[in-house]
Amino acid sequence: YTVTQIVDILKGRLELGRNGSCDVAFEEDAIMFAARKTAGYTGDIRKAFQMCRAAADLVLTEIESGTRTTNSKATTTKFLSDPIINHTVRITDVQKATRAMLDSPLLRSVSKSTTFEALVLVSLGAMANTTGREHFGVLELLTKMEAVASALGDLMYTPIPTLDELIGLLNRMGEARFLMLSTPKITHVW
């Protein structure tokens, strides 16, 4: 998408939200920033939505915690007492949210890792998001890696590592403190 198309789509979605139960409004500059940033990277509208959502979440978190401030000429008291100004996502909010998205340790880790290390991290992240759990078995991870690699359809992820190769990879990632590994406690009654 182009900048203009992204701006139009974002404004359309934000208007739909405002007519419903939207608690946060966006300044025009904030929408334009998200559109330009998105168009400059990939043009993928999902990134623009992700930026706007992250910025809105940031604003709501600041409002709830009482840490919302302003850099404008209005006094902090006036700013905090005016719900329209206080609930508005400004360009600085989108910038902060974008920096947080792009500077995340996970993103840096994935970008610096080997093909299969990245596949392990993406698979673990996907499993954590879908299940809400933090601990997974090796066979469960291997199955998810196969599914992710198949969905991506890229030959660089094939063939999938064998179980022994995956265990070796996980051990190396654990030694580098990239992952936290544990052995399940199994009790046998003989």
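Mentor: This is a predicted model. Start at one side chain: a polar atom of the Ser113 side chain lies 3.4 Å from the backbone nitrogen of Ala118.

Trainee: Where is Ser113 found?

Mentor: Ser113 sits in the loop between helix H7, residues 105–112, and helix H8, residues 115–131.

Trainee: Does Ser113 count as buried or exposed, and why?

Mentor: Buried means under 20% relative accessible area. Ser113 has a relative accessibility of 16%, so Ser113 counts as buried.

Trainee: How much of the chain is buried?

Mentor: Of the 190 residues in the chain, 27% are buried.

Trainee: Which helices and strands does the chain have, and in what pattern?

Mentor: There are ten helices and two strands. Along the sequence they follow the pattern α-β-α-α-α-α-β-α-α-α-α-α.

Trainee: What describes two packed helices?

Mentor: Two packed helices are described by the angle between their axes and the distance between the axes. Take H8 and helix H9, residues 138–152: their axes are 9 Å apart, and the angle is about 105 degrees. H8 and H9 are therefore roughly perpendicular to each other.

Trainee: Which residues of H8 and H9 meet?

Mentor: From H8 come Phe116, Leu119, Val120, Val122, Ser123, Leu124, Ala126 and Met127. They meet Glu140, Leu141, Lys144, Met145, Val148 and Ala149 in H9. By class, the contact of H8 with H9 has eleven nonpolar residues, one polar and two charged.

Trainee: At what angle do H8 and helix H10 cross?

Mentor: The axes of H8 and H10, residues 163–175, cross at roughly 85 degrees and come within 11 Å. H8 and H10 are therefore roughly perpendicular to each other. On the H8 side the contact is made by Phe116, Glu117, Val120 and Leu121, and on the H10 side by Leu166, Leu169, Leu170 and Met173. Seven of the residues in the contact of H8 with H10 are nonpolar, none is polar and one is charged.

Trainee: What lies in the loop between H9 and H10?

Mentor: Thr158 has its place there. Its side chain reaches the backbone oxygen of Leu155 at 2.8 Å.

Trainee: What separates the C-alpha atoms of Thr158 and Glu146?

Mentor: The separation is 8.9 Å, and the two residues are twelve residues apart along the chain.

Trainee: How do the axes of H3 and H6 cross?

Mentor: H3 covers residues 45–65 and H6 covers residues 91–102; their axes come within 8 Å and cross at roughly 110 degrees. That angle makes H3 roughly perpendicular to H6. H3 passes H6 in a right-handed crossing.

Trainee: Which residues of H3 and H6 meet?

Mentor: In H3 they are Gln50, Met51, Ala54, Ala55, Leu58, Val59 and Glu62, and in H6 they are Asp93, Val94, Lys96, Ala97, Thr98 and Met101. The residues of this contact of H3 with H6 divide into eight nonpolar, two polar and three charged.

Trainee: What can be said of contacts over the chain between residues at least 6 apart in sequence?

Mentor: Of those contacts, 64% join residues at least 24 apart.

Technical notes
Residues are numbered from 1 along each chain as its sequence is written. This is a predicted model: local features need pLDDT of at least 70, side-chain atom pairs count only at pLDDT 80 or more; totals for chains, interfaces and linings use all residues. Side-chain values use heavy atoms; hydrogens and water are left out. Helices (H or I, at least four residues) and strands (E, at least two) are DSSP runs, numbered from the N terminus. Buried means under 20% relative accessible area, exposed over 50%, partly exposed in between (1.4 Å probe, protein chains only). A polar contact is a pair of N or O atoms within 3.5 Å; within protein, one must be able to donate a hydrogen and the other to accept it, and residues adjacent in sequence count only if both atoms are side-chain atoms. Axes are lines fitted to C-alpha atoms, for helices over the stretch in contact, and angles run from 0 to 180 degrees between N-to-C directions. Angles under 35 degrees count as roughly parallel, over 145 as roughly antiparallel, 65 to 115 as roughly perpendicular and the rest as oblique. A crossing is left-handed if the near helix is turned anticlockwise from the far one by less than a right angle, and right-handed if clockwise. Contact means heavy atoms within 4.5 Å. Ala, Val, Leu, Ile, Met, Phe, Trp, Tyr, Cys and Pro count as nonpolar, Asp, Glu, Lys and Arg as charged, and the others, Gly among them, as polar.
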